[in-house]
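Me: I would like to go through the terms used for this structure. For each one, please set the value against the cut-off and conclude.

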Amino acid sequence: MIKIDPTSAHSTALAQQFKAAPFGPYSADVQKLLQLLRWGFVRGRTIIICTTPYQEWRLGRMAPKRGQPVEVSETEIFTDYGAAAWACFRARWQEVVGKPCPVK
């Protein structure tokens with residue numbers, strides 16, 4: 001399993017690769033990184049919520065317990081799914097690593 005070190009050039013390069021092509025294709029290391037960010041934990045994880053089909057997305061947060069409502073962000077509205085995917089990537093990086101993603 002890949003380990004995320006926010007100070008390493010390799011981890012930064014992987015984040016840059018995802019930002020450049022959020023829909024893929026991904027290298028094997030980016031796939032491993034995404035697997036860690038997507039499946040590392042479930043409760044409290046940041047997710048993308050479609051608020052208007054094919055037009056508008058927001059970030060949300062899974063509830064701590066199953067069956068509870070998802071918390072939807074009211075501050076950021078995305079009209080580009082790629083931008084929403086990048087914002088979700090950065091939020092999950094923060095959640096998993098405990099430090100901000102080095103790529104802005």
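**Terms and values**

Reply: Helix H3 is followed by Gly98, whose phi is positive, near 90°. The model is predicted, so local features need pLDDT of at least 70 and side-chain atom pairs count only at pLDDT 80 or more, while totals for chains, interfaces and linings use all residues. Residues are numbered from 1 along each chain as its sequence is written, and side-chain values use heavy atoms, with hydrogens and water left out.

Me: Why is Thr46 called buried?
Reply: Buried means under 20% relative accessible area, exposed over 50% and partly exposed in between, with a 1.4 Å probe and protein chains only. Thr46 has 3%, so Thr46 is buried.

Me: Why does Tyr54 count as exposed?
Reply: The relative accessibility of Tyr54 is 78%, so Tyr54 falls in the exposed class. Tyr54 sits in the loop between S1 and S2, and its phi is near 65°, positive in a residue other than glycine.

Me: What joins the side chains of Thr46 and Glu95?
Reply: They are joined by a polar contact of 2.3 Å. The term means a pair of N or O atoms within 3.5 Å; within protein, one must be able to donate a hydrogen and the other to accept it, and residues adjacent in sequence count only if both atoms are side-chain atoms. Another polar contact, of 2.6 Å, joins the side chains of Glu56 and Thr51; Glu56 lies in strand S2.

Me: How do you know that the buried residues of H2 line one face?
Reply: The buried residues are Val30, Leu33, Leu34, Leu36 and Leu37. Seen down the axis of H2, they fall within an arc of 160°, so they line one face of the helix. The arc is that of the directions from the helix axis to the C-beta atoms. Their cover includes H1 and H3, where contact means heavy atoms within 4.5 Å.

Me: Why are H1 and H2 called roughly perpendicular?
Reply: Their axes come within 10 Å and cross at roughly 90°. Angles of 65 to 115 degrees count as roughly perpendicular, under 35 as roughly parallel, over 145 as roughly antiparallel and the rest as oblique, so H1 and H2 are roughly perpendicular. Axes are lines fitted to C-alpha atoms, for helices over the stretch in contact, and angles run from 0 to 180 degrees between N-to-C directions.

Me: What makes H2 roughly perpendicular to H3?
Reply: The axes of H2 and H3 cross at roughly 75° and come within 9 Å. That angle makes H2 roughly perpendicular to H3. The residues in contact include Leu33 and Leu37 of H2, and Phe89 and Trp93 of H3.

Notes
Helix = DSSP H or I, 4+ residues; strand = E, 2+ residues; numbered from the N terminus.
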